[in-house]
Amino acid sequence: QVQLVESGGGLVQPGGSLRLSCAASGSIFVINAMGWYRQAPGKQRELVAQISSGGGTKYADSVKGRFTISKDNAKNTVYLQMNSVKLEDTAVYYCNAAAVPNWDPDHEYDFWGQGTQVTVSS
């Protein structure tokens, strides 16, 4: 099994900052990319930010310049630093890993965390 455990969500005021963490563990052969998605009530899940094994990053237009994704390869952990948050950043944030598991080294799978709530409110 592969587990993704998120932490760091909570309540933050507009303009404030929050840092999310996600640690991957279990039967992992290799992680090709890790990222953060979010889903607000009544909306579809959307990509927030992604980082590849080589360190390349991709961001949603709505968070560029405000959010920064980073990773610690030794810990199989990805972080999302959220600055200058806005009311519209309120959502459940999900960690994702595109990884090859030990039990099927010829295929890549998408693994998901349980989600962490981020609420931006004054």
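Four strands make up an open sheet here, running S1-S3-S8-S7 with antiparallel pairing (strands are DSSP E runs of at least two residues, numbered from the N terminus; two of them pair if DSSP finds at least two bridges between them). Keep in mind that this is a predicted model, where local features need pLDDT of at least 70, side-chain atom pairs count only at pLDDT 80 or more, and totals for chains, interfaces and linings use all residues. Residues are numbered from 1 along each chain as its sequence is written, and side-chain values use heavy atoms, with hydrogens and water left out.

**The open sheet**
- S1 (2–7) and S7 (67–72) sit at the edges with a single partner strand each, so one side of each has no neighbour in the sheet.
- On average, neighbouring strands of this sheet are turned by 15 degrees against each other, direction ignored (axes are lines fitted to C-alpha atoms).
- Strand S3 (residues 18–26) runs antiparallel to S8 (residues 77–82), and the two share 6 bridges.
- Arginine 19 has glutamine 81 in S8 as its bridge partner.

**Strand S9 and its partners**
- S9 (residues 91–101) is mostly covered, with 10 of its 11 residues buried (buried is under 20% relative accessible area, exposed over 50%, partly exposed in between, using a 1.4 Å probe and protein chains only).
- With S4 (residues 28–39), S9 pairs antiparallel over 10 bridges, and arginine 38 stands opposite tyrosine 93.
- S11 (residues 116–120) pairs with S9 over 3 antiparallel bridges; valine 92 has glutamine 117 as its partner there.

**Salt bridges**
- The structure has 4 salt bridges (a side-chain nitrogen of Lys or Arg within 4 Å of a carboxyl oxygen of Asp or Glu).
- Arginine 38 is buried at 6% relative accessible area, and one of its salt bridges goes to glutamate 46, closest N and O atoms 2.8 Å apart; glutamate 46 is partly exposed at 35%.
- Arginine 38 also forms a salt bridge with aspartate 89, at 2.9 Å between the closest N and O atoms.
- Arginine 38 is in strand S4 and aspartate 89 in the loop between S8 and S9, so this pair ties together parts 51 residues apart in sequence.
- Both arginine 38 and aspartate 89 are buried.
- Shared partners join Arg38, Glu46, Arg66 and Asp89 into one salt-bridge network.
- Lysine 64 and aspartate 61 form a salt bridge at 3.1 Å between the closest N and O atoms, and both residues are exposed.

**An exposed loop glycine**
- Glycine 54 lies in the loop between S5 (46–52) and S6 (57–59) and counts as exposed at 72% relative accessibility.

Terms used:
Axes are lines fitted to C-alpha atoms, for helices over the stretch in contact, and angles run from 0 to 180 degrees between N-to-C directions.
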